[in-house]
Amino acid sequence: MDDADRPALAPWQQRAADLDAACAVGRRERFALPDGVVYLDGNSLGALPLGVAEAVQDAVLRQWGQGLVGSWNAEDWWSAPQRVGDRIGHLIGAAPGQLVVGDSTSVCLAKAAGGALRERGGRSVVVTDAASFPTDLYVLQQVCDDAGARLVPVAQDEAEATIRAHGQDVALVAFSHVDYRTGRLWDLPGLTAAAHDVEAPVLWDLCHSAGVVAADLDAHGVDLAVGCTYKYLNGGPGAPAFLYLNARRTSSWRNPLPGWNGHAEPFAMGPAYRPHPGVARARTGTPTILSLLALEAALDVYDGLDVADLRRASLSITGLFLETLDALAPGLDVVTPREPDLRGSQVSVRHPRAWGLVRALADRGVVTDFRTPDVVRFGFAPLYVTHADAVAAAEQVRAALAAGEHELRNDEDRPQVT
Ligand SMILES: *Cc1c(COP(=O)(O)O)cnc(C)c1O
């Protein structure tokens with residue numbers, strides 16, 4: 001394309017500036033982002049909020065170094081899984097006392113689903129998304145095998161009909177709120193209602209929605225949920241996951257991985273397991289306190305914010321990105337729904353040289369990621385990604401494609417983590 005034919009950028013930049021000026025949720029100044037980088041991978045690893053490094057330093061040098069074992073009481077390390085859980089609960093529509101933080105999402109999923117299947121009665125079917133994140137499929141398959149249940153993976157559009165068809169044979173319905181690859185949002189209220197119509201519990205994985213799309217778990221009567229905290233919640237690499245257990249299920253749900261941290265009286269040190277009466281029964285072993293305290297400090301950046309406002313900002317930014325991309329780089333195969341109600345907080349594009357495009361964009365200061373076989377994901381965390389960033393990213397896509405910088409094949413020169 002000649003320069004003369006190139007769509008004008010200035011009007012888009014002006015519109016972005018106007019939208020950013022009217023946007024009340026942007027808090028980029030509270031993140032330690034490097035200059036000159038447009039960071040569109042907060043759906044994989046959230047950026048570092050200011051204050052986290054100091055909190056970790058305090059946890060190591062003062063709490064651990066000086067306080068030593070006394071900090072379990074003095075700093076209330078023991079209750080940190082529930083304390084931090086309640087703060088996440090606020091962001092996903094859960095009243096206090098229904099979350100614990102600890103373990104990884106994979107482990108939380110195994111615990112949540114395994115516990116639910118112990119209450120399955122004669123029911124034998126677990127309905128899930130055939131295109132789910134791999135760990136979700138692996139874990140659910142194993143949990144089904146162990147319980148003698150059958151995993152029924154379905155396409156999104158068949159989910160509700162499948163639940164109805166299996167009716168009273170459904171033991172558990174387990175879906176992700178947002179498809180990690182396409183960015184498509186699943187119908188949490190509708191599918192939760194469909195599961196409840198056949199009296200089956202529902203388990204939602206909120207990895208790609210917590211902190212950016214309201215889940216309103218209590219309002220919809222969701223039974224169980226899990227999610228990770230290192231994506232939009234900015235808890236840092238390997239930050240512990242959360243497990244939500246609706247209060248009406250607490251007394252009947254049994255932890256399939258019972259450990260002393262979830263015991264009714266952990267320090268009675270008795271020989272037999274007796275579950276804690278509350279959500280603490282979802283705990284297993286000693287939590288990763290340093291990561292938990294890093295996460296706790298990271299959550300400060302959400303103080304005073306309403307997730308509904310973040311959702312509005314996110315949709316505005318992804319909407320502008322889609323429009324700008326259409327104008328500047330027409331013809332790209334966007335796999336994320338354009339209907340706002342059907343998308344999470346990312347935009348995904350299929351391209352035969354997707355990996356080459358990810359690398360070319362990184363060289364131009366735009367951080368995205370690649371998902372096999374041919375998807376580029378642009379994640380938009382409205383806490384620190386602006387409308388201006390969205391326009392800049394679309395312009396860099398145009399420029400990288402125009403200059404033919406995306407020559408790497410999808411299997412070429414790829415590191416372990418993409
Ligand atoms: C990111 C993600 C995970 C990650 O699981 P870990 O156990 O934390 O590695 C699991 N499920 C979904 C849907 C995810 O998006």
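Predicted model: local features only at pLDDT ≥ 70, side-chain atom pairs only at ≥ 80, totals over all residues.
Residues are numbered from 1 along each chain as its sequence is written, and side-chain values use heavy atoms, with hydrogens and water left out.

Helix α12 covers residues 354–363 and helix α13 residues 387–402, and the two pack with axes 10 Å apart at an angle of about 115 degrees. That puts α12 roughly perpendicular to α13. A few terms are in order here. Helices (H or I, at least four residues) and strands (E, at least two) are DSSP runs, numbered from the N terminus. Axes are lines fitted to C-alpha atoms, for helices over the stretch in contact, and angles run from 0 to 180 degrees between N-to-C directions. Angles under 35 degrees count as roughly parallel, over 145 as roughly antiparallel, 65 to 115 as roughly perpendicular, and the rest as oblique. On the α12 side, L357, A360 and L361 meet Q396, V397, A400 and L401 of α13, where meeting means contact, with heavy atoms within 4.5 Å. Sorted by class, the residues of this contact are 6 nonpolar, 1 polar and no charged. For that sorting, Ala, Val, Leu, Ile, Met, Phe, Trp, Tyr, Cys and Pro count as nonpolar, Asp, Glu, Lys and Arg as charged, and the others, Gly among them, as polar.

Next come the sheets. β10 (residues 346–350) and β13 run antiparallel and are joined by 5 bridges, with Q346 partnered by G379 of β13. Both strands belong to an open sheet of 4 strands, ordered β9-β10-β13-β12, with antiparallel pairing (two strands pair if DSSP finds at least two bridges between them). The edges are held by β9 (333–334) and β12, each with a single partner strand, so one side of each has no neighbour in the sheet. Helix α11 lies across β9, β10 and β13, running at about 30 degrees to β10.

From α1, W12, R15, A16 and L19 meet S316, L320, E323, T324 and A327 of α11. The classes in this contact are 5 nonpolar, 2 polar and 2 charged.

The other open sheet has 7 strands in the order β2-β8-β7-β6-β5-β3-β4, and its pairing is mixed. Here β2 (99–101) and β4 are the edge strands, each with a single partner, so one side of each is left without a neighbour in the sheet. On average, neighbouring strands are turned by 15 degrees against each other, direction ignored. Within the sheet, β5 (residues 170–176) pairs with β6 (residues 202–205) in the parallel sense over 4 bridges, and A174 stands opposite L203 in β6. Strands β3 (residues 125–129) and β4 (residues 150–154) are also parallel, joined by 5 bridges, with L151 of β4 as the bridge partner of V126. The chain gets from β3 to β4 through helix α6 (residues 134–147), in a right-handed β-α-β crossover (with the strands pointing away from the viewer, the path from the first strand over the helix to the second runs clockwise). That helix, α6, lies across β3, β4, β5 and β6, at about 150 degrees to β4.

Helix α2 (residues 52–66) and helix α10 (residues 289–298) have axes that come within 8 Å and cross at roughly 145 degrees, and the crossing is right-handed. V52, A55, V56, A59, V60 and Q63 in α2 meet L290, L293, A294, A297 and A298 in α10. That contact has 10 nonpolar, 1 polar and no charged residues.

L68, in the loop between α2 and α3 (71–74), has phi near 50 degrees, a positive value in a residue other than glycine. D76, in the loop between α3 and α4 (80–92), likewise has a positive phi near 50 degrees and is not glycine.

Notes
Left-handed = near helix turned anticlockwise from the far one by under 90°.
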